[in-house]
Every structure is written in structure tokens, then in C-alpha cells.
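Here is a briefing on one structure. Look at the sequence and the model first, then work through the points below.

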Amino acid sequence: MKRTCASLFTSGFLIFLFSSGCMKDKITHTYTIQTPVYQKLTQIRASIKSGPATPLSNIGKVYVMGNYIYLNEVDKGIHIIDNSLPSNPRNIAFINIPGNEDLAIKGSTLYANAYGDLVAFDISDLTHISPVKFLTNVFPDLSGNYSTTTDPDSITIIVGWISKDTTVDYNPGGAIIYPLGGPVLYFAAVPGAASSANNSTGTGTAGSTARFAAVNNYLYTITNSSLNVFDISSTGNPSVANKLFLGWSAETMFPLNNKLFIGTTTGVLVYDIQSSAANPAMIGECVHVNACDPVIADDRYAYVTLSDGNKCGGFSDELDIVDTKDLYYPTSVILDPIPTNASSAIIKKYPLTHPEGLSKDGSYLFICDGKDGLKVYDASDVTSLKMLDHLNTPEARDVITINRLAILITAQGLYQFDYSDINNIHLVSKISAGFSY
Amino acid sequence: MANMKYLLIVLFSCFVGDKLSAQENKTAVMTEKNLQFHSINQAGLLEGESGSAFQLQTINGLAYRSWFVGIGLGLDYYRLRSIPLFFDLRKEFGRSAGRFFLYAEGGIDFAWATDKQKNDLSEYPYPVNDFQNGPYAAAGIGYKIIFTRNLALVISPGFSYKKTELKSSNTICPFQGPCFVDNNLYDYNFYRFSLNLGLVF
């Protein structure tokens, strides 16, 4: 027995000394291959229609018009909420709009994108909503299709993905871990046969993260790279009026006093639409550090929230107060390059947790501060904001203040707070929603 | 690390070449007839495809006759720093002051990545979750030299295994098409030879 143990012991020792290189680590990487599902634009359009209400999910943009709240479900469509009684809002209808990301309303016409199309809907009867006009592929940034054709039968859009998990051996070499970057997208040739998809005269009020703005007889929209202008003077019959190149980082737009405040990842651009509504002219700008940034404004100041995160490549979480009188270019001077005082328009910065949308009613400033909920400030003195209330809600994303109601979009649904007594802000209702991302 | 291996050759010669024959003539000692507490504290080398690394272990438990069972806690620097927590079972053979034993271990390996190991992930642009805990196992043969009732030396070559996973999940909004959630799973299985040297109290 002892001789056997000695042999085993010696063998084990010698194996350790001379053969340890034979041991192999086994490392695998499981990832998902995404194969696109294509659909012709004509088929997509055929599916655009209204129907019964569906549960809220993946809420994106919010828009209020009269007694109704319109909630975008990202890439799916628009929920219509009857908010005649804010304490008991009723989800009454859903407009199926594949690829929808934004909306605006003028009178009885709702304008929304469906991938690259601008679609006009007659909403005079909310129980029977139908599209009345399509402007084909006016937002190629959103469809990914830059062909010049306007034939919807010739335009194909990726409407979904077929996911398949795959596991491969992985050998990252000397590094502990060097994950493969990004997802694997497999783009097949566009198939010949489309596969089925797995698929008033006044204007309302949009949230601060909006990219659509209806002002008088024009609809202004921004994509990442352009400012698009549509003539909506004729009810239900929009037409392209202009298109301006902005750059590759436009995010949000806020109209005020015949100006458009456009938030980009590197600053705020100001366009004048009073001199010529169809030809917005850039009249000023302010630069800030790289970050995601919704912007709103009042008569004197602009309020910009910056948040970090991979989407915008930023590292700041703060509220910037911008004195708008320092934004505008002197009319007598042609400025090239960007004015050196462009960032000095920021007069105060307030650190926050992860701010997103915001809204202002008089001297009250409402800021959605991510997982920190909704924060309410007295902004009478913008250099010394005073917090009046801090509402611990699920992740707060955007807010509209109207009629002393704060209509809040969170990661878990739609919340409404009554702030008619600013010292007693209280929840009046909520509608739950699911989020997959 | 190569020099460390050859140093161990010298150690091995001292232990086995000399003690094996000498110990046979000593009278039997250290046979636990009653339950007795022991603490095994050892340092060791791990050798595998990812190179060499150190480990430290403390195993505390009860011995009865030729059996020992205890709970061990270690520090494992192989590839990804971790803390194994495990049950340890040993069986000794013979009654002399120099005796062989077999051991087997099993438990959980708690991942404890160093800052450098975490920073290695910085090239990946998306949020990445931390390393996950996984199983730990080891087995092998050893030689124990007993000096006194409460002091012994152990040396034990064997095999060792640990596992960890790394998950990442991020929403991707591609240039074309709707957003989707991109999930990645990295599954790491580390197989090593081990050689431990320690003291038993």
C-alpha cells in the first residue's frame, strides 16, 4: 500500500513539474446572431390603423392635447389616454404604427413617423383613426434606406430580427477577457418576396425629449443629422418645405417664442423661425461637454440636463443654466469658427444623479433625475435653485407640466401628480407599463 | 515560475528520498482515536494553460482515526482572483509518522476580480456585469510528516478546477431596424495542476 502511495505521489509530483502545460482551460462565448426580417413599405403601411386599447409598454415620447395624452410605444405605435379626469385616466385606443418614435398634433391631425415616412392621421374621431397621407421616406435616418425612389413597393425596411444563440470556443489570448465587440448582425440580401413581420387648429404640448414640434402652420422635426420642415397649413395634407443639415448629434427640440432650441450631444443650437418659418436660420449656440441633453427654455434662460452613458458618450450628470442673451450671434459679425465665448453662456451648473427630461411652469422647475425620481425646484433665482420636493418614483424619464398637473413618464408607467399646492404635491393616478429596455 | 518548479524538485528530494525510508522505522504515532480539531494551512502553486499562479488555503476541521473532514477557505490567483470555499475530506494511510493521504475538495468559488482584471474590460464599450461565482473542486494525493501531536508538514500534488461566468446585456439600436437586447455569456472553465505545501496544527 505504501509503495503504491509512493508511486502515486511521485507520479503526481512529476506530472505537476513537467506536464502541467497539458491542462487546457475551456472558455466559450455564447452570443446571439440577429438576422433581419424585411418588409416592403406597402405592407407596413397596410398595418397602420387604430384599434382597441392595449397595455402600455416601452413608453417613449409623451404628448398632451386637450383632455388626451398620447403615449408613443417605441417602434410600435401610439396609445391614447382619455385624461378628462386625471384621477382616473382611461386607456381608450392604440394606433398601430410600426417604427414610430415621435408625434405632434395640430388641430384634428396627428403627425407621426412610421420608420422613414411621415404619416398624417385624422383624429377627429378617436374611435376610428386612419392615415390620410404618407410622405414617403422623408426620414431616411430612421428607415436606414437612402434610396431616392418614392415607390413604397420598392422600399424595404428591417422590421425585426430573428435571434439565434450560438456558442463558440473562445480564446482571448493574453488578456483575462477580451469580449467580442457588439452584436452580430447578419444582413442577407433583400428578399424578393417580403416576409411577414414577426409587425382643433391648435397644437399640443410635447415632452422635453421630443423631436417633433408643430408651430403654427409648420411641423419641425429633427433626426440625428437634419432639421426637416413640413408645411401643415392644409389639414391632413403635409408637404415637404425644407431640409437643413444639422450635424450628426441632434437629439431634442423645444419651440419657444418663434425659436427652436435644439439639444445636441455637444451643445444647444438656436434657430429663428419668425423671419421665415419655412427657412429656419441659426442665430446662436452654446457648447457643453459631450452628453445626452434635453433642453427647455423660458424667456430668459435655457435649461439643459446632461447625462452620462454610452449612448451619447458623456461623463456628466448635471443641469446647466444658460443665459440665452449670450447665445445669439451679433448680427453685425460673421462668426467662423465657433465663438470662443460659446460656453460662457452657461451661468450655473447643478450636479444631479442621471437627469433626463424636464419641464417648467412659472418659477417651478421639474427635473426627471433617473432612478432618483422627480425633483421639483423653485427656480426664481436660477443661480440658487431651491428644492421644494423630491418624489421617489421609478426611473423618471420625461415630464410635462400642464394645468398644475405633472404628467410623468417612468420606467414603470405613467404617473400624474397634482402640484396646485406646491407644498403638497401628491399622486393622483398612475397607469402601469412594462419595459423590456 | 520555472525556477519555482525546480526548487520544488529539491524539496521533493528532501521529503520523499529521506523521509520515506526513515519514517518506516519509527513507531506508530498520531492515530486519532478521538475527535480532534486540526487546522491545515498551506500555500501552493497552480499550473495550467493560463500559466502559473499562487494559492493560499486554510482548512479547519475534525480528525477521527484516519479520516479528516473540514471546511476550507482559500485565495486563488489563477487567471481570475477568487476565493474558494469548500468542504475537504482526507483519508490517511498507515500509522507511521510519515504517511500518505488522499484528499478531495468541493465547494463554491467566489469571484473577486482585481481592478486590473476589471479594467481589462474597458475596451468593451457596453456595460458588463461582474464575474459570477461558480463551482470549485480539487483532488489529489499527499504526504504528511508528523513532528508532534499538533504539528505536521504536508505536501500534496493534485488537480484543481474552478469556473466563472461573465454576462453582459445591452440594448442595441442599430442604424437599421428596431432596437434589440444583445446578450453575451462568457463561460470560463479553468483546469489546473496544483502543488501545496503546508503545516498542520
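Two strands pair if DSSP finds at least two bridges between them. With that rule, chain A shows an open sheet of four strands in the order E19-E20-E21-E22, with antiparallel pairing. This is a predicted model. Its scores are ipTM 0.78 and pTM 0.70.

**The E19-E22 sheet of chain A**

- Strand E19 (250-256) and strand E22 (281-287) of chain A stand at the edges.
- Each of these edge strands has a single partner strand, so one side of each is left without a neighbour in the sheet.
- Neighbouring strands of this sheet are turned against each other by 20° on average, direction ignored.
- Inside the sheet, strand E20 (residues 259-264) and strand E21 (residues 267-272) of chain A run antiparallel and are joined by six bridges.
- One residue pair shows the pairing: A:Lys259 has A:Asp272 in E21(A) as its bridge partner.

**The E8-E11 sheet of chain A**

- Chain A also holds an open sheet of four strands with the order E8-E9-E10-E11, and its pairing is antiparallel.
- Strand E8 (103-106) and strand E11 (130-135) of chain A are the edge strands, and each pairs on one side only.
- From one strand to the next, the twist averages 25°.
- Strand E9 (residues 109-114) and strand E10 (residues 117-122) of chain A run antiparallel, with six bridges between them.
- Which residue stands opposite A:Tyr111 in E10(A)? The residue is A:Ala120.
- In a regular strand the side chains alternate between the two faces of the sheet.

**Chain A as a whole, and one residue in it**

- Chain A has three helices and 34 strands.
- Of its 437 residues, 45% are buried.
- A:Phe230 sits in strand E17 (residues 226-231) of chain A.
- Is A:Phe230 buried or exposed? A residue is buried if 20 or more other C-beta atoms lie within 10 Å of its own. A:Phe230 has 25 other C-beta atoms within 10 Å, so A:Phe230 is buried.
- Leaving aside neighbours within four places in sequence, the contacts of A:Phe230 include A:Leu118, A:Tyr218 and A:Leu219. A:Pro238, A:Ser239, A:Val240 and A:Ala241 are also among them.
- A:Phe230 and A:Gly267 are 37 residues apart along the chain, and their C-alpha atoms are separated by 25 Å.

**Chain B as a whole**

- Chain B has two helices and nine strands.
- Along the sequence, chain B follows the pattern α-β-β-β-β-β-α-β-β-β-β.
- Chain B has 201 residues, and 37% of them count as buried.
- Take the contacts in chain B between residues at least 6 apart in sequence: 61% of them join residues at least 24 apart.

**Strand E9 of chain B**

- Strand E8 (residues 151-172) of chain B and E9(B) pair in the antiparallel sense over 21 bridges.
- Within that pairing, B:Ala152 has B:Val200 in E9(B) as its bridge partner.
- B:Leu195 lies in strand E9 of chain B.
- B:Leu195 counts as buried because it has 29 C-beta neighbours inside 10 Å.
- B:Leu195 and B:Gln42 are 153 residues apart in sequence, yet 9.8 Å apart in space, C-alpha to C-alpha.

**Confidence in chain B**

- Chain B averages a pLDDT of 82, and 78% of the residues score at least 70.
- Which elements of chain B have the lowest and the highest mean pLDDT? Helix H1 (residues 2-23) of chain B has the lowest, at 52. Strand E3 (residues 67-76) of chain B has the highest, at 97.
- Over residues 20-30 of chain B the pLDDT is below 50. Beyond near neighbours in sequence, this stretch has 15 contacts in the model.
- Residues 121-127 of chain B also stay under 50 in pLDDT. Here the model has twelve contacts beyond four places in sequence.
- Where pLDDT is low, the predicted coordinates should not be read in detail.

Conventions: Residues numbered from 1 in each chain as written. Chains lettered and ligands numbered in written order. Predicted model: local features only at pLDDT ≥ 70, side-chain atom pairs only at ≥ 80, totals over all residues. pLDDT = per-residue confidence, 0-100. Contact = placed C-beta atoms within 7 Å. Axes fitted to C-alpha atoms, helices over the stretch in contact; angles between N-to-C directions. Buried ≥ 20, exposed ≤ 12 C-beta atoms within 10 Å, placed from the backbone.
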